[in-house]
Amino acid sequence: MEDARSAASRAHELEQKIHGAIPAQKAPALRENIEVLLVAVIVAMAVRTFFIQPFKIPTGSMQPTLYGVYPAPNDWPTRYVGGPPSSLNRLAGIVFHGKMYESSGFRTRGDHIFVDKISYHFRKPRRGEVIVFDTTHIPEIPASSRGNFYIKRLIGLENDVVQIKPPYVLVNGEILGHGVPAFERQYSLQSGSDGLPGYNGYTIPDTFPSAKYFPSSASTYTVPAKHVFPLGDNSRSSLDGRFWGSVPQEDVVGRAVFVYWPFSDRFGRVD
């Protein structure tokens with residue numbers, strides 16, 4: 001018993017000496033919070049790098065599936081109805097609906113989405129998925145735009161033969177996507193609500209210079225090996241594979257999976 005008490009006393013003395021030899025930490029709570037914050041940042045960076053990455057839609061090439069800034073910067077803003085909104089309504093519009101207010105009206109910011117970066121490490125991309133890709137290795141994109149990230153719908157896989165017969169797109173001689181909601185909507189030619197753009201099907205561009213690979217409905221394009229062929233849903237206003245061809249598979253970043261802001265009728269899963 002005496003030995004136990006003696007050992008406990010000596011252990012206590014040793015503990016006191018150790019505490020005396022090691023300086024006390026200043027603001028231990030602050031240090032702990034900083035460590036937690038650093039761990040959170042590292043985890044967030046790892047998730048962004050390997051799993052999920054946020055992107056902002058810059059243009060209207062995927063309307064009405066996904067929106068960029070609307071109306072576009074070179075268009076008139078949406079006019080106020082009944083006069084400018086109150087400060088409280090403005091705040092709600094900014095926070096929840098992504099509105100940007102101007103003196104004569106407002107614009108809506110582009111959709112913010114999450115992109116799944118991991119799935120394509122385990123399987124190949126599939127027709128109909130909305131993909132994000134790097135344009136660095138697409139030489140026919142203007143140099144001023146090359147290197148940006150684009151978002152389009154995947155139409156053709158390697159060795160597919162693609163043809164556009166408005167409003168349809170054909171792959172290997174058959175209309176693509178019968179029974180697939182995304183393509184059925186595109187072929188429906190339904191007008192949008194509240195004056196917003198609707199679905200116009202797939203078109204042969206009538207711009208000048210014309211689309212290099214699809215100057216007419218008789219034109220066909222064979223997707224090279226280890227490439228994919230994308231088109232924008234807003235076929236009348238999309239700089240896509242009709243103009244510059246296909247995308248190397250290795251440059252596909254991932255697939256768009258979720259609109260997380262603003263809280264519009266597009267909020268939720270990307271289809």
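Some ground rules. The model is predicted, so I use pLDDT cut-offs: local features need at least 70, side-chain atom pairs count only at 80 or more, and totals for chains, interfaces and linings use all residues. Residues are numbered from 1 along each chain as its sequence is written, and side-chain values use heavy atoms, with hydrogens and water left out.

Overview. The chain has five helices and 15 strands. Those are DSSP runs, numbered from the N terminus: helices are H or I with at least four residues, strands are E with at least two. Of the 271 residues, 38% are buried. Buried means under 20% relative accessible area, exposed means over 50%, and partly exposed is in between, with a 1.4 Å probe and protein chains only. Now contacts, meaning heavy atoms within 4.5 Å. Take those between residues at least 6 apart in sequence: 65% join residues at least 24 apart. The accessible surface of the chain is about 16,100 Å². Carbon and sulfur atoms own 59% of that surface. Areas come from Shrake-Rupley with a 1.4 Å probe, and for residues only the protein chains shown count as cover.

Start with strand β14, residues 252-261. Is β14 largely enclosed or largely open? Seven of its 10 residues are buried, so β14 is largely enclosed by the rest of the structure. Now its partners. Two strands pair if DSSP finds at least two bridges between them. Strand β5, residues 112-116, runs antiparallel to β14, with five bridges. There, F114 has F258 as its bridge partner. Strand β6, residues 130-134, is also antiparallel to β14, over three bridges. In that pair F133 sits opposite V252. Then comes β15, residues 268-269, joined to β14 by two bridges, antiparallel again. R269 of β15 stands opposite F258.

Together with L88, L91, I94, V95, F96, F263 and F267, F258 makes a nonpolar patch of about 740 Å². Patch residues have over 30% relative accessible area and no salt bridge; like charges are joined within 9 Å, nonpolar side chains (Val, Leu, Ile, Met, Phe, Trp, Tyr) within 5 Å. A salt bridge here is a side-chain nitrogen of Lys or Arg within 4 Å of a carboxyl oxygen of Asp or Glu. Which helix gives the most to this patch? Helix α3, residues 87-97, with five residues. I94 is in α3. At 39% relative accessibility, I94 counts as partly exposed.

Next, strand β4, residues 105-108. Strand β2, residues 78-79, joins β4 through two antiparallel bridges. F106 of β4 has T78 opposite. F106 also has Y101 opposite. Three residues form the hairpin link from β3 to β4.

Now the open sheet. Four strands, antiparallel pairing, order β10-β9-β8-β11. What is left at the edges? β10 (174-175) and β11 (220-222) each have a single partner strand, so one side of each has no neighbour in the sheet. As a reminder, strands of a sheet pair through backbone hydrogen bonds, either parallel or antiparallel. Inside this sheet, β8, residues 161-165, meets β11 over three antiparallel bridges. Q163 faces T220 of β11.

N159 lies in the loop between β7 and β8. N159 is exposed, with a relative accessible area of 52%. Its C-alpha atom is 9.4 Å from that of Y221, 62 residues apart along the chain. Leaving aside neighbours within four places in sequence, N159 contacts N172, T222, V223, P224 and A225.

Last, helix α4, residues 181-188. The buried residues there are A182, F183, Q186 and Y187. Seen down the axis of α4, they fall within an arc of 125°, so they line one face of the helix. That arc is taken over the directions from the helix axis to the C-beta atoms. Their cover includes β7 (149-156), β9 (168-171) and β10. After α4 comes L189, with a positive phi, near 60°.

That is the tour.
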